[in-house]
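Please go through the structure shown here with the text beside it. The explanation moves from the sheet to the helices and then to single residues.

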Protein chains: 2
Amino acid sequence: MADKKSPHTRATAKLIGIGVGPGDPGLLPLASAQAIKEADIVFTPVSRFSKASLAASIAAGTGIDESKIQKITFPMAKDTETLQKAWTQAAAPVIKALDNGLRAVFLTLGDPSVYSTWIYLRREVEAQRPSASIAVIPGIMAANAAAARLGLPLVEGKERLVLLPLPEKVGELDAYLPLADRIVVYKIGSRLEELALWVRERGLDEQAHLVVGVGLDREAAGRLIDLAEKEQGYLSVALIRGRRE
Amino acid sequence: MADKKSPHTRATAKLIGIGVGPGDPGLLPLASAQAIKEADIVFTPVSRFSKASLAASIAAGTGIDESKIQKITFPMAKDTETLQKAWTQAAAPVIKALDNGLRAVFLTLGDPSVYSTWIYLRREVEAQRPSASIAVIPGIMAANAAAARLGLPLVEGKERLVLLPLPEKVGELDAYLPLADRIVVYKIGSRLEELALWVRERGLDEQAHLVVGVGLDREAAGRLIDLAEKEQGYLSVALIRGRRE
């Protein structure tokens, strides 16, 4: 039934980018579960430093046939030329699958359109095979799952939302306070304490929340400044009230 | 299987807010389909002017038992006191279901944490029944589905996203151009031409896209200024490139 109604999984699509959501297998859309089931091959990104794929383990919760999974090591290089070459290499097995007429899906955390390796992979595939049939099935973002977990709205009525990775200079967040009602901060990583300090200095203790590992076993949620004392910032999302008037 | 793994559908929850996504029934999360199936009663909002519930019709695509559905007319009043009274009245059947020990779900378009009637309903239920067990299962936002449909990223790398309803004064969007890499505009309604004029005046013709009725039969996607000539802005999402440097 998802097939007939879903414009996201056209029958012609040979490569589908799928967002598996932030961690809870129950958040996978029905159309994505169906597309994974119908795929000949399931690609999933891993980093050079960790061969485990969180995206694959989330999809595993829906009963994926593990023999279909093929891991792709995605590039971490900083200089553009090296990165470009690495992406060409990473895309090679996907190109091969397409050339062989296979139906392929690519699993990515969260939503494929938001800070995802899918964006780079798709660009590379389109550059090499301009006529390839490509589709995307959206996924649930960590921001939405974090808000659900906290029981807080992200935005209501006429409110305005800003979503950004923690800036290299945390003070850059100041520019968004007067323009946003809610600021969502991603990619906090090892800098949670730095963000907590900024929150304290701005008097936002009661207005800043954090969810760590939303939907995963190690999930924790609460006031950002409390969690900063005991948690790391990896795979976490901060929700901060803005000061727009 | 979604049950065991999903922290969003705790067995104790008696009222669950569910986002059915923007239009395509295939985008409903597995956990939501399960929760709807297990519910004794399914509430869904309708407006006073249209008794049809788009949220219910999306869920219908997943084979919901229609006899469980109960429509709630949600208030549209502008003055706060009238609105508050109207919400108290709208929440009455939900309170009654909780008092009777029923498992209830409330369906809403997109994600329950984003510009949703759920936010107000939940607030009212919590005010009247502070000990009620309430959970939220997130849903896919129109913004993510629109990006998937257009094949465009929302944000990549260090980019920053702004999401807001079309401001009463369209010129307020100017403030976000230097701070955002991508601006998502909701609630365009009858003012699509006005937004198209702003896009033209800023020289953003090639940087502004629109998806109308994403996932619905009447879906249309393309350059905003082209679509503004033939489409209405109801249930549409604009994606506009910002000018952050």
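What follows describes a predicted model.

The sheet comes first. Strands of a sheet pair through backbone hydrogen bonds, either parallel or antiparallel. Here 10 strands form an open sheet with mixed pairing, and their order is E9(A)-E8(A)-E10(A)-E7(A)-E6(A)-E6(B)-E7(B)-E10(B)-E8(B)-E9(B). Strand E9 (220–223) of chain A and strand E9 (220–223) of chain B stand at the edges; each has a single partner strand, so one side of each is left without a neighbour in the sheet. From one strand to the next, the twist averages 15°.

Within chain A, strand E8 (residues 208–212) and strand E10 (residues 236–241) run antiparallel and are joined by 5 bridges. One of the residues involved is Ala208(A), whose bridge partner in E10(A) is Ile240(A).

In chain A, helix H6 (residues 142–150) lies across strands E6, E7, E8, E9 and E10, and runs at about 70° to E10(A). In chain B, helix H7 (residues 192–201) lies across strands E7, E8 and E10, and runs at about 5° to E10(B).

Next is a pair of helices in chain A. The axes of helix H4 (residues 80–99) and helix H5 (residues 117–128) of chain A come within 9 Å and cross at roughly 70°, which means that H4(A) is roughly perpendicular to H5(A). Among the residues of H4(A) in this contact are Trp87(A), Ala91(A) and Leu98(A), while those of H5(A) include Tyr120(A), Leu121(A) and Val125(A). By class, the contact has 8 nonpolar, 4 polar and 1 charged residues.

Aromatic residues can be followed in both chains. A pair of aromatic rings is described by the distance of the centres and the angle of the planes. Over all chains, the structure holds 6 aromatic pairs. Phe106(A) and Trp118(A) form a tilted pair, at 5.9 Å centre to centre and with 40° between the planes. Phe106(A) belongs to strand E4 (residues 104–108) and Trp118(A) to helix H5 of chain A, 12 residues apart. Both Phe106(A) and Trp118(A) are buried.

In chain B, Trp87(B) and Tyr120(B) form a stacked pair, at 5.8 Å centre to centre and with 25° between the planes. Trp87(B) lies in helix H4 and Tyr120(B) in helix H5 of chain B, so the pair ties together parts that are 33 residues apart in sequence. Trp87(B) counts as buried because its relative accessibility is 7%, whereas Tyr120(B), at 26%, counts as partly exposed.

Note on methods: Residues numbered from 1 in each chain as written. Chains lettered and ligands numbered in written order. Predicted model: local features only at pLDDT ≥ 70, side-chain atom pairs only at ≥ 80, totals over all residues. Heavy atoms only, no water. Pairing = 2+ DSSP bridges. Helix = DSSP H or I, 4+ residues; strand = E, 2+ residues; numbered from the N terminus. Axes fitted to C-alpha atoms, helices over the stretch in contact; angles between N-to-C directions. Contact = heavy atoms within 4.5 Å. Parallel < 35°, antiparallel > 145°, perpendicular 65-115°, else oblique. Nonpolar A, V, L, I, M, F, W, Y, C, P; charged D, E, K, R; others polar. Phe/Tyr/Trp six-rings, centres within 6.5 Å; stacked < 30°, edge-to-face > 60°. Buried < 20%, exposed > 50% of the residue type's maximum accessible area, 1.4 Å probe, protein only.
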